[in-house]
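Welcome to this short tour. Open your viewer, get ready to select residues by number, and follow along stop by stop.

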Amino acid sequence: MEHHTGPDDPRVRERAHAIWEREGRPEGRHIAHWQQAAREIAEEDAVPGPEAGLQTPDSASERALHEAAEHLRGVDAHSHHRQASPAEG
């Protein structure tokens, strides 16, 4: 289920308050803190969970990281088949 942040989202309110406190409770920064909180939460909500499966990276560096992660899991990044370990082969 997708969640959209809005002006009454309690997560944004709580995050903005935490940012305000972390920055020493400055006056006149409430809008910036609210915007930062909304942006952070929207980014967190956009991160796919483990049930979302693998996403196709957009850039070469993301593809390289994706392939490295697959390699570490024992997956051939090009064929998407599990590599046999020496004990299996």
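Which residue forms a salt bridge with Arg15? Select Glu44: the closest N and O atoms of Arg15 and Glu44 are 3.0 Å apart. A salt bridge here is a side-chain nitrogen of Lys or Arg within 4 Å of a carboxyl oxygen of Asp or Glu. Arg15 lies in helix 1 and Glu44 in helix 2, so the pair ties together parts that are 29 residues apart in sequence. (Helices are DSSP runs of H or I with at least four residues, numbered from the N terminus.)

Before moving on, a note on the model: it is predicted, so local features need pLDDT of at least 70 and side-chain atom pairs count only at pLDDT 80 or more, while totals for chains, interfaces and linings use all residues. Residues are numbered from 1 along each chain as its sequence is written, and side-chain values use heavy atoms, leaving out hydrogens and water.

**Next stop: another salt bridge.** Select Asp45 and Arg11, whose side chains meet in a salt bridge of 2.8 Å, N to O. Asp45 is in helix 2 and Arg11 in helix 1, 34 residues apart. Asp45 is partly exposed, at 34% relative accessibility. (Buried means under 20% relative accessible area, exposed over 50%, and partly exposed in between, with a 1.4 Å probe and protein chains only.)

**Now the core.** Select Val12, Ala16, Ile19, Ala37, Ala38 and Ile41, the six residues of the largest nonpolar core. Such a core is a set of buried Ala, Val, Leu, Ile, Met, Phe, Trp, Tyr and Cys residues joined through side-chain atoms within 4.5 Å. Helix 1 (10-22) and helix 2 each supply at least two of the core residues. In soluble globular proteins, nonpolar side chains tend to be buried together.

**On to two histidines.** Is His33 buried or exposed? His33 is buried, because its relative accessible area is 1%. Show its side chain with that of Glu23, and you will find a polar contact of 2.7 Å (N or O atoms within 3.5 Å, where within protein one must be able to donate a hydrogen and the other to accept it, and residues adjacent in sequence count only if both atoms are side-chain atoms). Then select His30, also in helix 2 (residues 30-46). His30 counts as exposed, at 57% relative accessibility.

**Last stop: the loop.** Select Arg25, found between helix 1 and helix 2. Its phi is near 55 degrees, a positive value in a residue other than glycine.
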